[in-house]
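Colleague: Could you take a close look at one part of this model for me? Please keep the rest of the chain in view as you go.

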Amino acid sequence: RHGGGTTAFHLVVSVTMSLAEGLGAYHFTAASSTHWGCADLCGANASLACVQSFEENEYVARLAADADTRYFWIGNYQRPDGEEPGGGWDVCQSGEPAGFSKWDVNSGFNEPSNYRGEECALVGYAYLRSAASASTARGWWHDAACYLEAPCLCKLGADPSPEYMAFAEGERKRDKSLREAALVLQYISLVLCSFVSGLSLLWALVCIIREIRRMPEQSMGKPGLEMVQNDASLAPHDKRVYDSLLSGDIQLLRCSWLRSR
């Protein structure tokens, strides 16, 4: 019995080593990066791995589990002329043609989905920890935005192709444009908020000045602030303004003005 068990053990080890030797040399980067940033992190004569078979996909999934990596970039990307959502995924960062894929269609994701222009392949799922662990363990692929940062699964043997570098440059420019547009929108929102805040403060000052002018009339026995406050015909907005004036609550005065708009 022991002899048979030992033989079986050596057979499994031999098959595993042969498989690893046949697939090539892989390593995960310590740092996370964008898909195009992996081209630099992988180093010379290396690029993101181009997974070409079920066996290779299972192998890199086990490597990820051993490295406690929940998700990682691989070399597949969508050519700019590929038809959405599933066309054009037939090439890798190294320039190798990609003849294998394992898109996640069993977890409600229905990949590739092209959600907001996702054009790079990620193994695992980056957004939910529990989903990532299950998805990576099964070696499921997801299309993802190339500007996201994730560990790189590098493979020795080839530098990134000129076609990929051109694709990466386009992705960089698009990412830069999106960031600049987001910054402009942020500034616009700040300006609008400041403008509205300024108007509310101006309205508060106008109301205060109006009440100050009414004080002499109140001291002469004329209808003043107290009578106006108790006037049953006072509009709801004016009632809120006068309440805030009497309490000295300028913030409440501003909020009353804003709610009335």
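Modeller: Two strands pair if DSSP finds at least two bridges between them. The strands themselves are DSSP runs of E with at least two residues, while helices are runs of H or I with at least four, and both are numbered from the N terminus. This is a predicted model, in which local features need pLDDT of at least 70 and side-chain atom pairs count only at pLDDT 80 or more, while totals for chains, interfaces and linings use all residues. Residues are numbered from 1 along each chain as its sequence is written, and side-chain values use heavy atoms, with hydrogens and water left out.

β3 spans residues 72–77. Buried means under 20% relative accessible area, exposed over 50%, and partly exposed in between, with a 1.4 Å probe and protein chains only. On that scale, 6 of the 6 residues of β3 are buried. One partner is strand β5, residues 120–123. The two run antiparallel, joined by 3 bridges.

A disulfide is a pair of cysteine sulfur atoms within 2.5 Å. C50 and C92 form one, with 2.1 Å from S to S. The torsion about their S-S bond is about 70°, so this disulfide is right-handed. C92 sits in strand β4 (residues 91–92), and C50 in the loop between β2 and α3, so the sequence gap to note is 42 residues, a link between distant parts of the chain. C50 counts as buried because its relative accessibility is 1%. C92 is buried too, at 0%.

α3 has 13 residues and reaches 19 Å from its first C-alpha to its last. That is close to the 18 Å expected at 1.5 Å a residue, where the expected span is 1.5 Å times one less than the number of residues. Buried residues in α3 include E56, N57, Y59, V60, A61 and A64. An α-helix has 3.6 residues a turn, so residues three or four places apart point the same way. Just after α3, D68 takes a positive phi, about 55°.

With the bonded cysteines numbered in sequence order, the pairing reads 1-7, 2-8, 3-4, 5-6. C38 and C152 are bonded with their sulfur atoms 2.0 Å apart. Their link is left-handed, at -75° about the S-S bond. It ties distant parts of the chain, from C38 in helix α2 (residues 38–41) to C152 in strand β7 (residues 150–156), 114 residues apart. C38 is buried, because its relative accessible area is 0%. C152 counts as buried as well, at 0%.

C42 and C154 are also joined, S to S 2.0 Å. This link is left-handed, at -80° about the S-S bond. C42 lies in the loop between α2 and β2 (46–48), C154 in strand β7, and these distant parts of the chain are 112 residues apart. Both C42 and C154 are buried.

C193 counts as exposed because its relative accessibility is 55%. C207 is buried, at 1%.

D175 lies in helix α5, residues 162–219. D175 is buried, because its relative accessible area is 12%. Contact means heavy atoms within 4.5 Å. Leaving aside neighbours within four places in sequence, D175 contacts W36 and Y147.

Finally, the whole chain. It has 8 helices and 7 strands. Buried residues make up 37% of its 261 residues. Among contacts with a separation of 6 or more, 72% join residues 24 or more positions apart. The chain exposes about 15000 Å², of which carbon and sulfur atoms supply 60%. These areas come from the Shrake-Rupley method with a 1.4 Å probe, and for residues only the protein chains shown count as cover.
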